[in-house]
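Trainee: I should like to learn how to read a protein model, feature by feature. May we begin?

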Amino acid sequence: MNVSADGAVKFSVRMDAPTTSGTSFPRTELREESTDGVTDMAFNASSGVHYIRGRTKITDLGSSPTPNFRKRIVVCQVHDGTTLNSDVLKIYVQENSTTFVPELRIAVGGTGTGQPHLDNNYVLGTWFDWMIYISAGTWSIYYNDFATPVWTSAAYTTAGGTF
């Protein structure tokens, strides 16, 4: 990652890069930490306001390891703090299983089935704005419009509400 002249943080990862622990795919990521810079940050989704947002463009989905393998790039994800491996929300670009056209999608609770697609014909290299916003236990996803969410739910809290 680096900071461009206009102040934007740019992430990139070679699609053939080595993997990190806990995954079989190359990745680059930011993680929220406490002020000590070492301890993973936890937040209470039941109280206060928490959000992460970005302006993103996906320029390449890499090559398929096998024929008819759908390629996917995860833009942002929030994990369940109780198990640390359960996706609560995810924004990602994935090839359609029939047409192999990139789609910008969301997944809730580990699945994209039944969830709204943000763009069914995402053109690689196109900028888009997104935000995951949590206020007093209500989760919302915004896409290219920070006034109107494309998805909202109050169903995602853990025992104690800490993520």
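Mentor: Helices (H or I, at least four residues) and strands (E, at least two) are DSSP runs, numbered from the N terminus. Along the sequence, this chain follows the pattern β-β-β-β-β-β-β-β-β-β, with zero helices and ten strands. The model is predicted: local features need pLDDT of at least 70, side-chain atom pairs count only at pLDDT 80 or more, and totals for chains, interfaces and linings use all residues. Residues are numbered from 1 along each chain as its sequence is written, and side-chain values use heavy atoms, with hydrogens and water left out.

Trainee: What is the mean pLDDT of the chain?

Mentor: The term pLDDT is the predictor's confidence in each residue, from 0 to 100. Where it is low, the predicted coordinates should not be read in detail. The chain has a mean pLDDT of 79, and 85% of its residues reach 70 or more.

Trainee: How many of the residues are buried, as a percentage?

Mentor: Buried means under 20% relative accessible area, exposed over 50%, and partly exposed in between (1.4 Å probe, protein chains only). Of the 163 residues in the chain, 31% are buried.

Trainee: Which residues touch the most other members of the largest nonpolar core?

Mentor: A nonpolar core is a set of buried Ala, Val, Leu, Ile, Met, Phe, Trp, Tyr and Cys residues joined through side-chain atoms within 4.5 Å. The largest one here has 24 residues, and those touching the most other members are I58, L89, I91, L104, F128, I132 and W139. Two or more residues of this core come from each of β4 (72-79), β5 (87-95), β6 (102-108), β8 (128-135) and β9 (138-143). Contact means heavy atoms within 4.5 Å. Leaving aside residues up to four places away in sequence, the residues that I91 touches include V74, L104, W130 and I141.

Trainee: How many salt bridges does the structure hold?

Mentor: Side chains of opposite charge can pair when their charged atoms come close. A salt bridge is a side-chain nitrogen of Lys or Arg within 4 Å of a carboxyl oxygen of Asp or Glu. The structure holds two. In one, D129 pairs with R55, the closest N and O atoms being 3.4 Å apart. This pair links distant parts of the chain, D129 in strand β8 and R55 in strand β3 (residues 49-56), 74 residues apart. D129 counts as partly exposed because its relative accessibility is 23%. In the other, R105 pairs with E103, with the closest N and O atoms 3.5 Å apart; both R105 and E103 are buried.

Trainee: Which residues have a positive phi without being glycine?

Mentor: Most residues other than glycine have a negative phi. F100 has a positive phi, near 60 degrees, and is found in the loop between β5 and β6. N144 has a positive phi of about 55 degrees and lies in the loop between β9 and β10 (151-153).

Trainee: Is F100 buried, partly exposed or exposed, and why?

Mentor: F100 counts as partly exposed because its relative accessibility is 28%. N144 also counts as partly exposed, since its relative accessibility is 43%.
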